[in-house]
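Colleague: I'd like to learn how to read a model like this one. Could you take me through it feature by feature?

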Amino acid sequence: MTHANLIAGEWIRGTDAVRDINPSDTTDVVGEYDRASAAQVDDAIAAARHASQAWARTTVQQRADLLEKVGLEIFARRAELADLLAREEGKTLADATGEVGRAGYIFKFFAQECLRIQGERVGSVRPGVDVEITREPAGVIGLITPWNFPIAIPAWKIAPALAYGNTVVMKPAELVPGCAWALAEIIHKAGFPAGVFNLVVGRGSVVGEKMVNDPRIDAISFTGSVPTGRGILAKAASRGAKVQLEMGGKNPLVVLNDADLDVAVRVALDGAFFQTGQRCTASSRLIVEEGIHDKFVAGLAEAMQKQVIDDARKPGTTIGPVVDQSQLDQDINYIDIAKAEGANLVAGGERLNREKSGFYLSPALFSETTNTMRINREEVFGPVASVIRVKDYDEALATANDTAFGLCAGVVTTNLKKAAHFRRNAETGMVMVNLPTAGVDYHVPFGGRKGSSYGSREQGRYAAEFYTQVKTAYVMQG
Ligand code: UN1
């Protein structure tokens, strides 16, 4: 089955197509998704621009009703969408089901959020003048989404964009066009006016490039790698566009001597390896205090042996495959780098063969690493984590903060004072206490500091910062 792009409310066929491959079984083609040509991207941007004014003037009730409809439809099709997600991306069916639910709730949340768009009225310093501060739509938004959350990340960008009265052109990652296409179909069928939401599948170098450079796009929200994000920022900012970037992480999980060992192992296993470690929030640096170090490493290695690495849709699988060959090559390359740097491979890191031909890799745990090694400086984006031994809490905190990234930091401890201190002093946008660094709520701000993020926060009501622009009106009283 072929899938066209959604441009100005019509399904427009492309010239060539992306083959969406199942990473659990590379003989399984999930579908063919047409690539939009540069001229078609141009049409999509023109359509979004054209639809922009009328959409900005719709009532909050009209927008709330449409978003609610999308949310309900996602829930009605949850099982089918989860199967598609697990099939094209490789996360387990349970994780995929959770992610589809998250996407549904995000639409429902922003349906309500439409009704809460607020302004302010303040007194003027001048007599006889009223001052009113309101939020207006940012305009036409370009969304560029990654492959690791094929429906939740599109949802958390599209829903606020539409809720606050913007129109959208979205380019999903070429590895996972299936979920994006399904979501576009749901949005189309819900009855949004033509051009309010446009889907353009294609390469970053063609479609993404055009979106980033086109002056008719007012703002770009991107989630993906650091080099791509930096490139987008340079180009989009140079023409004055608003930019929001969510990029990498090298998230620390600190385990203190007083931690409950079972909690520490469970939190590390989930944070580092679930969803094949393919989360920008994954815990890739496990910073462990001396007194609990050996027990923790042994406990985590034991828990890793119990994982079932297999077809994402097979009952019982706990960790699915790596997303594709090039990501697998990158993971294996970093495992080799770590070995060459003198890290000790405690468990895993092996290419696995299963009944079907997929990109299977056993999760890899390194010990005896230092924070200066490349394995602890650079993001791998796979099921690879390393343990850094530290002598006390102060060294743990300093090590946690000694990184170019700042997305999320976690601590496992039973000591309230240290938990509170860590929470205050971690140089990250998000902090977790006795919880994995990955796995976040859908209604509160998401984002990082330092090299992890740029611009204002995503999600929850904080999303308004990016998707609206503020107007201050001074009115002479009649
Ligand atoms: C999560 O950990 O639940 O790309 C969300 C990512 C993040 C989303 C993580 N933007 O991994």
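Predicted model: local features only at pLDDT ≥ 70, side-chain atom pairs only at ≥ 80, totals over all residues.

Colleague: How many helices and strands does the protein chain have?

Modeller: Helices (H or I, at least four residues) and strands (E, at least two) are DSSP runs, numbered from the N terminus. Here the protein chain has 15 helices and 23 strands.

Colleague: And what does the radius of gyration of the protein chain say?

Modeller: You take the radius over C-alpha atoms and hold it against the globule rule, 2.2 Å times the number of residues to the power 0.38. For these 478 residues the rule gives 23 Å and the radius of gyration is close to that at 23 Å, so the chain is as compact as a globular protein of that length. Along the principal axes, the C-alpha atoms fill a box of roughly 75 × 60 × 40 Å.

Colleague: What share of the residues in the protein chain is buried?

Modeller: Buried means under 20% relative accessible area, exposed over 50%, and partly exposed in between (1.4 Å probe, protein chains only). Buried residues make up 57% of the 478.

Colleague: Which residues of H9 are buried, and what covers them?

Modeller: The buried ones are Val263, Ala264, Val265, Val267, Ala268, Leu269, Gly271, Ala272 and Phe273. Their cover includes helix H10 (290–305) and strands S13 (251–255), S14 (283–289), S18 (364–369), S19 (384–390) and S20 (408–412).

Colleague: What about the loop between H9 and S14?

Modeller: Threonine 276 lies there, and it counts as buried at 1% relative accessibility. Leaving aside neighbours within four places in sequence, threonine 276 is in contact with Ile319, Gly320, Pro321, Val322, Gly382 and Pro383.

Colleague: Now the rings. How is an aromatic pair described?

Modeller: By the distance of the centres and the angle of the planes. Rings of Phe, Tyr and Trp (its six-membered ring) pair if their centres lie within 6.5 Å; planes under 30 degrees apart count as stacked, over 60 as edge-to-face and the rest as tilted. This structure holds nine such pairs. One of them joins tryptophan 11 and tryptophan 181, with centres 5.0 Å apart and planes at 35°, so the pair is tilted. Tryptophan 11 sits in strand S3 (residues 10–12) and tryptophan 181 in helix H6 (residues 177–190), so the pair ties together parts 170 residues apart in sequence. Tryptophan 11 is partly exposed at 30% relative accessibility, whereas tryptophan 181 is buried at 11%.

Colleague: And are the rings of tyrosine 105 and tyrosine 442 stacked or edge-to-face?

Modeller: Their centres are 5.4 Å apart and their planes at 5°, so that pair is stacked. It links tyrosine 105 in helix H4 (residues 93–113) to tyrosine 442 in the loop between strand S21 (430–433) and strand S22 (453–454), 337 residues apart. Phe75, Tyr105 and Tyr442 form one aromatic cluster.

Colleague: One last stop: where does arginine 457 lie, and what does its side chain reach?

Modeller: Arginine 457 is in the loop between S22 and helix H15 (464–467), partly exposed at 22% relative accessibility. Its side chain reaches the backbone oxygen of glycine 448 at 3.1 Å. Arginine 457 and glutamine 244 are 213 residues apart along the chain, yet their C-alpha atoms are separated by 7.9 Å.

Key: Residues numbered from 1 in each chain as written. Heavy atoms only, no water. Contact = heavy atoms within 4.5 Å. Polar contact = N/O pair within 3.5 Å; in protein donor to acceptor, adjacent residues only side chain to side chain.
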